[in-house]
Amino acid sequence: MTTPLFRDDAYLRSCEAEVTGINSRGDIVLDRTVFYATGGGQPGDSGVLELDDGRKTEIATTVYDDDRTTIVHVPAADQPAPEAGTRVTIHLDWARRYRLMRMHTALHLLSVALPFPVTGGQIGDPEGRLDFDMGDETIDKDSLVESLNQLASGDHEITTEWITDAELDANPGLVKTMSVQPPRGSGRVRLVRIGGDIDLQPCGGTHVTRTSEIGALALGKIEKKGKQNRRVRIRLTD
């Protein structure tokens, strides 16, 4: 099991760790990490593992192993893997991660501005998207982008809290996503709250601490995906 340091502090950019093993695919397992593992529509982190002697291994992405509790770091092509027991310093590609954090929080705001069931989504840089089950509803693009930027510029605090599986079962309205359910099995579920009551939903991803960090947002392409689904893309403008 890997200790996910990013879950308690998404702003950690580096840490020391020990290589606990190399899996059958050649991926590197560490005892702890600041790298977010692919999940919930958010891509895995990339960066570098640095050994004491200065040698480096470039990490292309980070994913969960088959057990869903071990995080593995996937080396870029032709990169050497350090041996088990080696101490390394993890260096996160912070510029990329921070933009993904901003976009992830922006997509939560999009789910507020368009209060319809979410059927899918993807966090990207500089663009992300959500799919909504909207039926015959139409979207006023000017009103939507104005609402999004008002929410983002409001400097609302983003915090996390935990509830039990039973508490989530008693409050099914907290789950906005129809296609992806919050991970269960540990007995508790992490919630992300924006402002006092702007948004509250289960989420294991990384976020900024205030909505003002998102910056200005622009709408991308809006298109139909099936009879009822609408795909809405938004972009970071910087």
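Student: Why is D155 called partly exposed?

Tutor: The relative accessible area of D155 is 32%, and partly exposed is the class between buried, under 20%, and exposed, over 50% (1.4 Å probe, protein chains only), so D155 is placed in the middle class. This is a predicted model, in which local features need pLDDT of at least 70 and side-chain atom pairs count only at pLDDT 80 or more, while totals for chains, interfaces and linings use all residues. Residues are numbered from 1 along each chain as its sequence is written, and side-chain values use heavy atoms, with hydrogens and water left out.

Student: Where is D155 placed, and what is noted about its phi?

Tutor: D155 sits in the loop between α2 (141–153) and β11 (158–164), where helices (H or I, at least four residues) and strands (E, at least two) are DSSP runs numbered from the N terminus. Its phi is near 60 degrees, a positive value in a residue other than glycine.

Student: What makes R68 exposed?

Tutor: R68 has a relative accessible area of 52%, which is set against the limit for exposed already given, and therefore R68 counts as exposed. R68 belongs to the loop between β6 (56–64) and β7 (71–75), and its phi, near 65 degrees, is likewise positive in a residue other than glycine.

Student: Why does Q42 count as buried?

Tutor: Because its relative accessibility is 0%, Q42 falls in the buried class. Q42 is found in the loop between β4 (32–33) and β5 (47–51), and, not counting residues up to four places away in sequence, Q42 touches Y36, H104, I123, G205 and T206, a contact being heavy atoms within 4.5 Å.

Student: Is R231 buried or exposed, and how do you know that its side chain makes a polar contact with that of D131?

Tutor: R231, in strand β15 (residues 229–236), has a relative accessible area of 16%, so R231 is buried. The side chains of R231 and D131 make their polar contact at 2.8 Å, and the term asks for a pair of N or O atoms within 3.5 Å, one able to donate a hydrogen and the other to accept it within protein, with residues adjacent in sequence counting only if both atoms are side-chain atoms. The two residues are 100 residues apart along the chain, yet their C-alpha atoms are separated by 4.3 Å.

Student: How do you know that the radius of gyration agrees with a compact globule?

Tutor: For 238 residues a compact globule would have a radius near 18 Å, and the chain has 19 Å, so the two agree; the radius is taken over C-alpha atoms, and the globule rule is 2.2 Å times the number of residues to the power 0.38.
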